[in-house]
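Please consult the sequence and the structure while reading.

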Amino acid sequence: MTATPITPTMPPAEGCIDTQVFDHVLLIGINRPAKRNGWTPPMFKQLAEAYTRLDDDPDLRVGVLHAFGDHFTAGLDLPAVTEYMKRGEKAIPAGLVEPHDFGLPGYRRRTKPMVVAVKGICFTVGIELMLGADIVVAADNCRFSQMEVQRGIMATGGATLRMAERAGVGNAMLHLLTADEFDSAEAYRLNFVQKVVPAGQELEAALAVAQRIAAQAPLAVVATRLNVIKAVEQGPLAAVSEFIETQKRLSNSEDAAEGVRSFVERRPARFSGR
């Protein structure tokens, strides 16, 4: 991890999302630690703007979502978001990348990889954001809970889709319907997280994964990610149908030529994303 310190700004009362760039990685920090990073409408809007920046900036190749303070998030700040929910409105303006990434009409879908570092309390929307990402690194002190039914509402950020997809219907029902708490070991068993590390090392480990991804050919990374998502959402045949054209496009790129040169010259490749 770079020696440059990751320092938050002083957040307003409603919280904010901080962004910092390390080489080709965009660090996206949840910044409302005084309220255990409880989510407010301005935070959702700023998060979508950060995800959109990641997709639109050609110099950025990977995002890392993390949080300041001791906890990833205690979930929704219900008093702040209840009126939006009652009106059936989203706090995210149309046209941006929707961070939960399930293809809502009027919103863009993310194309570049997202790695998430979670720690401490990770409730409701925190679980849904990490399940909507690509790779999750969890501290060993995490406490997870999808507790919407305990508040008289339903999880609508993707948990009802992705918990069953990752862990099977029975395991999804166990945690969705009981609103129980579970730890990092259980999240790992259920395939909700991909790595568990000692508390305090989760951001360093997530950034190391992101930097490894950023060192690969960007066009190939995006194409690979999107093909996996297509296979999950539309089935293997839909993904296979893209193989030939995608490989043809990638094989004619400057990065593919660089990949061959680096192989012949026995050196690390220097990819440009073209």
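## Basis of the description

This is a predicted model, in which local features need pLDDT of at least 70 and side-chain atom pairs count only at pLDDT 80 or more, while totals for chains, interfaces and linings use all residues. Residues are numbered from 1 along each chain as its sequence is written, and side-chain values use heavy atoms, with hydrogens and water left out.

Helices (H or I, at least four residues) and strands (E, at least two) are DSSP runs, numbered from the N terminus.

Two strands pair if DSSP finds at least two bridges between them. E4 pairs in the parallel sense with strand E3 (residues 62-67) over 3 bridges, and Gly 63 stands opposite Met 114. Between E3 and E4 the chain passes through helix H2 (residues 78-87) in a right-handed β-α-β crossover; right-handed means that, with the strands pointing away from the viewer, the path from the first strand over the helix to the second runs clockwise. E4 also pairs in the parallel sense with strand E6 (residues 135-139), over 4 bridges, and Val 136 in E6 is the bridge partner of Val 116.

## Two nonpolar cores

A nonpolar core is a set of buried Ala, Val, Leu, Ile, Met, Phe, Trp, Tyr and Cys residues joined through side-chain atoms within 4.5 Å. The largest has 46 residues, and those with the most contacts inside it are Leu 65, Val 118, Met 130, Phe 144 and Phe 192. Helix H1 provides the largest share of this core, 7 residues.

Contact means heavy atoms within 4.5 Å. Beyond its neighbours within four places in sequence, Met 130 is in contact with residues including Val 116, Val 118, Val 136 and Phe 144. A second, separate core of 19 residues includes Ile 6, Val 62, Val 115 and Val 137.

## Helix H8

The 17 residues of helix H8 (residues 218-234) should span 24 Å at 1.5 Å a residue, and the end C-alpha atoms are 24 Å apart, which agrees; the expected span is 1.5 Å times one less than the number of residues. Its buried residues are Pro 218, Val 221, Ala 223, Arg 225 and Asn 227. Among the elements covering these residues are helix H7 (202-214) and helix H11 (254-265). Gly 235, with a positive phi near 105 degrees, follows H8.

Key
Buried < 20%, exposed > 50% of the residue type's maximum accessible area, 1.4 Å probe, protein only.
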